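Subject: Handing over a structure

Dear colleague,

I am passing this structure on to you, with the sequence and coordinates shown just below. My notes on what was found follow, and I would be glad if you read them with the model open.

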Amino acid sequence: MKPEHRFPAEWEAVEAVLVAWPHTDTDWGYMLDQVRDCYRNLIAAISRHARVIVAGPERPDIEGQNIEWAKVPTNDTWTRDYGPLTVFDNNGNALLLDYKFNGWGLKFAADRDNLVTSRLCRDGVLKHHRINCLSFVLEGGSIETDGRGTAIVTADCLLSPNRNGGMSKEEIERQLVEDLGLDRLLWLTKGALEGDDTDGHIDTLVRIAPPGDILFYVACRDENDSHHAELQAMEAELRTLRTAAGMPYRLVALPLPPPIFDEDDGTRLPATYANFLFVNNAVLVPVYNVDTDAEALATIAATLPDYEVVPVDCRALIRQHGSLHCATMQLP
């Protein structure tokens with residue numbers, strides 16, 4: 001039986017990208033000027049390739065033909081995890097799946113963020129039909145797809161008891177397969193970054209790239225780094241995965257940035273180059289003003305020669321333990 005829905009790959013055509021403007025009543029309040037500069041650069045980079053919808057209660061002081069402000073209350077700016085997941089029905093119509101967001105397993109307040117998608121649909125900002133999926137917790141950063149029926153997730157995140165703790169792994173898999181029209185779900189049990197609040201979102205660790213048989217992944221070669229054993233185990237696990245055609249994936253290693261620490265409390269921040277964003281003919285890559293930036297950009301450019309590779313300084317974003325992909329949600 002043909003699935004009712006198709007979950008598109010992120011490198012497919014994008015109509016718009018949803019971001020949220022940092023405001024005083026967010027965790028960014030103590031460094032608002034710095035993070036707004038980061039968002040201005042990010043929005044400008046996206047707007048050269050797609051329309052940008054900027055959500056939030058305060059109008060952003062940014063101009064541009066391809067930029068639209070949508071007034072809506074928000075707790076925070078991580079639209080990847082509370083924005084809609086888009087699927088297509090068998091007639092090619094886009095549908096917006098509105099899942100529950102509970103602050104990454106009840107870690108942070110999310111009452112306003114959890115209503116952003118429904119409010120944007122109500123106000124006509126998002127035009128496609130919304131499907132209420134609020135009985136199930138799912139964050140966009142926790143699932144990665146090739147657009148052809150395969151998705152990758154991490155067990156630590158999806159099986160977190162504070163998300164869908166009353167459901168078994170089999171029940172969670174069944175829900176995702178049905179909602180997203182998947183043929184199969186690949187579960188990773190290894191891989192983690194220090195400072196990550198998400199319990200191991202896949203978009204910080206492993207990303208699928210076109211045509212669908214390439215996996216970019218975070219690699220740690222420094223035996224003295226605290227990530228070494230875990231990321232080596234993840235790499236070994238990735239080598240066991242097979243495409244739908246039964247072939248090994250082509251693995252492309254992205255360097256783990258050298259340790260970057262929070263200037264206030266000294267904790268290590270989860271800097272990662274895997275948190276990139278496809279926007280039509282471009283791929284926006286987070287950089288951190290460290291030595292490994294050039295290697296990461298060159299690796300992505302060599303692997304994806306048909307794309308313009310655009311670096312975006314994300315040193316401000318990682319101060320709140322996220323990066324570029326976390327701060328955006330594409331709308332196919």
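Helix 1 lies across strand 14, strand 15 and strand 16, running at about 165° to strand 16, where lying across rests on contact, meaning heavy atoms within 4.5 Å, and where angles run from 0 to 180 degrees between N-to-C directions of axes fitted to C-alpha atoms, for helices over the stretch in contact. Helices (H or I, at least four residues) and strands (E, at least two) are DSSP runs numbered from the N terminus. Helix 9, residues 292–303, lies across strand 15 and strand 16, at about 165° to strand 15.

Please keep in mind that this is a predicted model, in which local features need pLDDT of at least 70 and side-chain atom pairs count only at pLDDT 80 or more, while totals for chains, interfaces and linings use all residues. Residues are numbered from 1 along each chain as its sequence is written, and side-chain values use heavy atoms, with hydrogens and water left out.

The 3 strands form an open sheet with mixed pairing, in the order 14-15-16, two strands being paired if DSSP finds at least two bridges between them. Its edge strands, each pairing on one side only, are strand 14 (277–279) and strand 16 (308–313), and the twist averages 30° from one strand to the next. Strand 15 (residues 282–287) runs parallel to strand 16 and is joined to it by 6 bridges, with A282 standing opposite E308 in strand 16.

W11 and F278 make an edge-to-face pair, 6.0 Å centre to centre with 70° between the planes, and both are buried (under 20% relative accessible area, with exposed over 50% and partly exposed in between, using a 1.4 Å probe and protein chains only). W11, F216, F276, F278 and Y307 form one aromatic cluster.

Methods:
Rings of Phe, Tyr and Trp (its six-membered ring) pair if their centres lie within 6.5 Å; planes under 30 degrees apart count as stacked, over 60 as edge-to-face and the rest as tilted.
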